[in-house]
Every structure is written in C-alpha cells, then in structure tokens.
Amino acid sequence: MIGRLSGILLGKNPPQILLDVQGVGYEIDVPMSTFYNLPALHEKVVLHTQFVVREDAQLLYGFLTHEERVAFRQLLKISGVGPKLALSVLSGLSLSDLALAVANKEAGRLIKIPGVGKKTAERLLLELQGKFDLTGAASVHGKVITSAGSDILNALMGLGYNEKEADWAAKQLPKEATVSDGIRQALKLLSKA
C-alpha cells in the first residue's frame with residue numbers, strides 16, 4: 001500500500017524515526033542498519049517501506065535500500081517470524097552476513113540476535129536457503145532480483161496480478177530491461193497468457 005516515502009527526517013528514537021512527508025508525520029520503524037546510515041535531522045531522506053496491518057495496529061517499516069526491504073519480506077513469509085523479529089534479524093546482521101550465515105548454515109550467528117532461539121535459527125536457515133546470493137541480494141525462486149526487477153514485480157502485484165504470475169512474467173524479461181519497459185513487456189506477456 002505504501003511502498004516508498006520521501007520527506008524530511010524530524011526525529012530519531014531507535015528503532016523509530018519520524019518522517020515529515022508534505023506536512024504528514026509518519027512514525028516508521030527501521031532496522032539499525034538503516035538507522036545508522038540516516039542523514040542528520042531536518043535533512044531529506046527516501047525510504048522503501050512495508051506497511052503491515054495487524055488486528056491491533058497499523059505499522060510502517062522503512063529501509064534505505066530496496067534489498068533490505070526484499071529481505072524483510074522474505075523473513076515475514078517464514079512461519080513464526082513477525083515484523084519485530086524480522087527487524088531484529090536485519091538489525092543484528094548485515095544482508096551479506098545474513099546471506100553467508102544462511103549459505104554456511106551457521107545457526108550460531110543467528111542465535112546471537114535478540115529474540116532468535118535455536119529452533120527459530122534452524123527454521124530461518126531452512127526457509128532462507130537459496131533466497132540470497134552471497135552479496136545479500138534477495139532472490140525469488142533462485143533468480144537474483146535487481147532493484148529494477150523488484151520494482152517491476154511490485155508494480156505487477158500492485159496492478160492485481162498475484163506473486164506467481166508477476167514472478168513468471170519478470171523471469172521472461174531481459175536482464176537489462178528498465179522498469180517502464182519491463183512493466184510494459186510483462187503486461188503484454190500476461191495478457192497473452
């Protein structure tokens with residue numbers, strides 16, 4: 001619903017920030033990796049966001065990089081992992097460290113993260129296997145997703161296609177496709193399917 005916000009940073013109170021977007025102040029929870037790289041107060045910042053609706057709250061999570069948001073979404077798909085734990089994982093390990101821990105099946109690195117016990121660490125290792133390359137870029141079904149590819153996926157899902165359809169169409173596109181060309185080509189493919 002809310003995929004990206006651009007505004008002035010008004011407050012920093014870990015793990016939450018206050019972002020003024022044209023007069024509306026958004027309270028956004030961010031991982032510490034994002035928090036440490038934020039500009040000074042009253043500076044402009046752009047965040048990729050994830051809107052989460054629960055029975056008792058509507059929460060907004062923000063990330064400086066698109067890859068962090070994709071990793072956050074991957075973590076949320078795992079049974080027993082909620083937004084708070086996903087944020088904790090991204091705060092405790094960089095994307096490249098997380099990718100290495102998953103590739104090497106190092107449960108010990110994950111257990112050091114607050115809120116992650118032995119069973120949760122093992123579930124994370126199992127569920128995240130093959131979801132990251134060693135640079136930390138998230139992948140979908142073994143295919144590395146670039147920022148443009150991810151924007152295409154999000155646009156297609158925003159237009160009402162499910163994740164499976166959007167993923168299929170994105171896989172058909174050339175790697176060098178721009179976002180606008182990729183969306184156009186994907187829509188043509190989906191209309192023929």
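Q: How many salt bridges does the structure hold?
A: The structure holds five salt bridges, a salt bridge being a side-chain nitrogen of Lys or Arg within 4 Å of a carboxyl oxygen of Asp or Glu. This is a predicted model, in which local features need pLDDT of at least 70 and side-chain atom pairs count only at pLDDT 80 or more, while totals for chains, interfaces and linings use all residues. Residues are numbered from 1 along each chain as its sequence is written, and side-chain values use heavy atoms, with hydrogens and water left out.

Q: What makes the pair Asp 56 and Arg 54 a salt bridge?
A: The closest N and O atoms of Asp 56 and Arg 54 are 3.2 Å apart, and because the limit is 4 Å, the pair qualifies as a salt bridge.

Q: Why is Asp 56 called exposed, and why is Arg 54 called partly exposed?
A: Asp 56 has a relative accessible area of 61% and is therefore exposed, since exposed means over 50%, buried means under 20%, and partly exposed lies in between (1.4 Å probe, protein chains only). Arg 54, with a relative accessible area of 41%, falls in between and so counts as partly exposed.

Q: What makes the meeting of Glu 106 and Arg 109 a salt bridge, and which residues are linked with them in a network?
A: The side chains of Glu 106 and Arg 109 come to 3.5 Å, N to O, and that value is within 4 Å, so the name applies. Asp 97, Glu 106 and Arg 109 are linked in a network of salt bridges. Glu 106 has a relative accessible area of 27% and is therefore partly exposed, and Arg 109, with a relative accessible area of 27%, is partly exposed too.

Q: Why are Asp 181 and Arg 184 separated by about one helical turn?
A: Asp 181 and Arg 184 are three residues apart in helix 9 (residues 179–192), which means a separation of about one helical turn; helices (H or I, at least four residues) and strands (E, at least two) are DSSP runs, numbered from the N terminus. Asp 181 and Arg 184 also form a salt bridge, with the closest N and O atoms 2.8 Å apart. Asp 181 stands at 32% relative accessibility and so counts as partly exposed, as does Arg 184 at 46%.

Q: How do you know that Asp 29 has no salt bridge?
A: The nearest side chain of opposite charge to Asp 29 is Arg 54, at 7.9 Å (Lys and Arg count as positive and Asp and Glu as negative, while His and the chain ends are not counted). That distance is not within the limit of 4 Å, so buried Asp 29 has no salt bridge. Asp 29 has its place in strand 3 (residues 24–29), where it touches residues including Pro 15, Tyr 61 and Leu 87, contact meaning heavy atoms within 4.5 Å.

Q: Why is Ser 88 called buried?
A: The relative accessible area of Ser 88 is 18%, and because this is under 20%, Ser 88 is buried. Ser 88 is found in helix 3 (residues 83–92), and, leaving aside neighbours within four places in sequence, it is in contact with Ile 113 and Pro 114.

Q: Which residues touch the most other members of the largest nonpolar core?
A: Among the 24 residues of this core, Leu 75, Leu 90, Leu 98, Leu 110, Val 116 and Leu 124 touch the most other members. The largest share of this core, five residues, comes from helix 3. A nonpolar core is a set of buried Ala, Val, Leu, Ile, Met, Phe, Trp, Tyr and Cys residues joined through side-chain atoms within 4.5 Å.

Q: Why does Leu 110 count as buried?
A: Leu 110 stands at 0% relative accessibility, which is under 20%, and therefore counts as buried. Leu 110 lies in helix 5 (residues 107–111) and touches Leu 98, Val 116 and Leu 124, among others beyond four places in sequence. Leu 110 and Leu 124 are 14 residues apart in sequence, and 8.5 Å separate their C-alpha atoms.

Q: Where is the pLDDT below 50?
A: The mean pLDDT of the chain is 85, and 90% of its residues reach 70 or more, pLDDT being the predictor's confidence in each residue, from 0 to 100. Over residues 139–145, however, the pLDDT is below 50. Where pLDDT is low, the predicted coordinates should not be read in detail.
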